[in-house]
Amino acid sequence: MKILLAEDDPNIVMIAKMVLSKVGGHDVDVAVDGGEALHKALANAYDLILLDGMMPVHPGVEVCKRYQEQKQGPQAPIIFLSAKSSPEDISTFMSLGAGYIQKPFDPKSLCSCIDDILRQAA
Amino acid sequence: MKTLKAKINILVLAVIGSAGFFGFMSYEMDRKISYIQSLAVESLSLRDAISDIKPEKKNQEVLQRLKAIKSRLKEPERRRAASDLIQAYNANNRRLFYTRARQFDKIERSFFKKTQIAFQIARKRLKFYLFMTALIPGFLLFILFYYVNVGILSPLQTLSSRMMEFLIDQYTFRFSTPPNNEIGNLERTFNSLAQKVLNNMDELKALDRAKSEFVSIASHELRTPLTSIKGSLGLLSSNIVGEMNQEAKDMVLVAEQETDRLVRLINDMLDLAKIEARSLNLKREWSSLRDLIKKTSQGMQGFASAAKVHLQVVEPIQELEALMDADRVQQVITNLISNAIKYSPEEGIVTIEYMPLDEQRIGITISDQGKGISDENKALIFQKFRQATDSNNHLVKGTGLGLAISKALVEEHEGEIGVRSKLGEGSTFYFTLKQWRVRSTEKDQRNSGEAA
Ligand SMILES: Nc1ncnc2c1ncn2[C@@H]1O[C@H](COP(=O)(O)OP(=O)(O)O)[C@@H](O)[C@H]1O
Ligand SMILES: [Mg+2]
């Protein structure tokens, strides 16, 4: 799968990228803020977009909304990889039709979690 | 400022004054009428007395009587007629006496007529005064009544209903133009009170916002580094970045377990902060306890098996529902079951049971066969970060917050939570919910299902 990982914390980027590529065998593209994430998401075709909740420029929810409004053609599924955990936040994610994985995530089960969410959405 | 008090005082005084004045006048008139009547009666009797007198035989007694009559008369005309009569009597002139007697009678008759006229006038006046005694105070009372009603009672009624409006309508109502009297003062006071309440509420809201902002920032700031730590350890322990020797593996396992504990601690603390800030917003609905407990115990099954503990559910025959926020009650039951498992010996049995306590309350109990809790610890363990006994198994280390959270959640449901236990004989944790009912829709649904 071709995945866009939008995350501002370089350590988490390193770990998530390693897990996704080494365990899941995915092709990972990284964006370090909301602006870059939106730009890349609109310019390229991805199979999945992983969005951090809080990022510079645009927060994850904003990126998701703009992507869904502006993206021409088929849209990639979106999963929030967020430290936010309040019921309000989760219901916002759900209302956008996105999945949600809470941080800190378990690197061993991240890929199977993603697969589960994608299978459920399909 | 024309106050209502002044207006009402003046009116009350006017009612009393007018009633007194016209009452007094009526009384005076009544006395005058009696007096006039007595004059008329006297005049009649004088005429009778005079006509009885025979002047032929001069008599001292008669003379005395005539003098007495004269002395009683006040009007000069009548006195003169009387003294003329006495003179004629003294003169022993019979003819003159009769002429004078006729004269006297004529004057008395005209006097009597005058009294009758005066009587009529006086009676009319009496009627008038009596009428005024009723009319003027009555009229003033009517105005007073009007002032009390329109000026006081209905404004008070409006005031109280407006205050209710203020309460119900999220504190928005204020009086626009209070009148210039006592009621107006009340409305002005209410307006400033309302303003104060609104200011305080703004402050409280700002405080609340700051608190939840703090919680959300803290949760982000704590979870971000933990994500890196947990991620790195996970990558190490799953050999993704290379093989480690056994000692290194053990070290990493400890680090991983403690990280997980830290994550739970942060989750619990944030949860507790939210509960304590009352920003929980329970979504209370009727939902099935059977479903909830089944779901929860199934969720705990893995943990129980790993600890070699048996879970068992005892439930009433009827399907019961409780008025609750099912997610939050599940959190409570999960906490209690997880404790029971943690503090159970191997092959121990954890029993989950629920039954109505009375018409309203329903009790849920979670019992274990662990080492129990001493009396002095019973109260302590519901406090934050209080841990009494070491867990039997080290599968999951506690945070000391589980029971504090459970207590807060149960109390938010207006229920009670507690523990019955003796050292060495296991513990039974229980909590209550405020309202239960037998699930009625089940049958109905089946019936309508068959009908369809
Ligand atoms: N079923 C039980 N049997 C014995 N002790 C218990 C039981 N449940 C709770 N406790 C005691 O109460 C303490 C507080 O419980 P809790 O608030 O859930 O924190 P913890 O995270 O330690 O489980 C525990 O540390 C334990 O000492
Ligand atoms: Mg506990």
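1. Strands, in this note, are DSSP runs of E with at least two residues, and helices are DSSP runs of H or I with at least four residues, both numbered from the N terminus. Two strands are taken to pair if DSSP finds at least two bridges between them. The structure is a predicted model, in which local features need pLDDT of at least 70 and side-chain atom pairs count only at pLDDT 80 or more, while totals for chains, interfaces and linings use all residues. Residues are numbered from 1 along each chain as its sequence is written, chains are lettered from A in the order in which they are written, and side-chain values use heavy atoms, with hydrogens and water left out.

2. The five-stranded sheet of chain B. An open sheet of chain B is built from five strands in the order β2-β4-β5-β7-β6, with mixed pairing. Its edges are β2 (310-314) and β6 (417-421) of chain B; each has a single partner strand, so one side of each is left without a neighbour in the sheet. From one strand to the next, the twist averages 20°; for such angles, axes are lines fitted to C-alpha atoms (for helices over the stretch in contact), and the angle between N-to-C directions runs from 0 to 180 degrees.

3. Pairing within that sheet. Strands of a sheet pair through backbone hydrogen bonds, either parallel or antiparallel. In chain B, β2(B) runs parallel to β4 (residues 349-356), and five bridges join the two. Within this pair, Val313(B) has Ile352(B) as its bridge partner, and Gln312(B) stands opposite Thr351(B). The pairing of β4(B) with β5(B) is antiparallel and extends over six bridges; there, Met355(B) is the bridge partner of Gly363(B). A hairpin of five residues connects β4(B) to β5(B).

4. Contact here means heavy atoms within 4.5 Å. Helix α8 (residues 326-342) of chain B packs on the sheet and touches β2, β4, β5 and β7 (427-433) of chain B. The direction of α8(B) makes about 175° with that of β7(B). Helix α7(B) also packs on this sheet, where it touches β2, β4 and β5 (362-367) of chain B. Its direction makes about 170° with that of β2(B).

5. The three-stranded sheet of chain B. Another open sheet has the strand order β1-β3-β8 in chain B, and its pairing is antiparallel. At its edges stand β1 (285-288) and β8 (436-438) of chain B, each with a single partner strand, so one side of each is left without a neighbour in the sheet. Here the twist averages 30° from one strand to the next. Strand β3 (residues 320-324) of chain B is joined to the antiparallel β8(B) by three bridges, and Ala322(B) stands opposite Trp436(B). Helix α7 (residues 289-306) of chain B lies across β1 and β3 of chain B, at about 85° to β3(B).

6. The interface between the chains. How many residues of each chain take part in the contact between chain A and chain B? There are 21 residues of chain A in contact with 21 residues of chain B. Together the two chains bury about 1800 Å², of which 69% is on carbon and sulfur atoms; buried area is the accessible area (1.4 Å probe) that two parts lose on being put together, summed over both.

7. A salt bridge is a side-chain nitrogen of Lys or Arg within 4 Å of a carboxyl oxygen of Asp or Glu. One salt bridge is found across the interface of chain A and chain B. Glu256(B) and Lys108(A) form a salt bridge in which the closest N and O atoms are 3.0 Å apart. On the side of chain A that touches chain B, the largest share, seven residues, comes from helix α1 (residues 10-23) of chain A.

8. Local points in chain A. Over all chains, the structure holds 27 salt bridges. One salt bridge in chain A is between the side chains of Asp116(A) and Arg119(A), at 3.4 Å from N to O. These residues are three apart in helix α5 (residues 110-121) of chain A, so about one helical turn separates Asp116(A) from Arg119(A). The peptide bond from Lys103(A) to Pro104(A) is cis, with omega near -5°, and Pro104(A) lies in the loop between β5 (99-102) and α5 of chain A. Val57(A), a residue other than glycine, has a positive phi near 70°; its place is in the loop between β3 (48-52) and α3 (60-70) of chain A.
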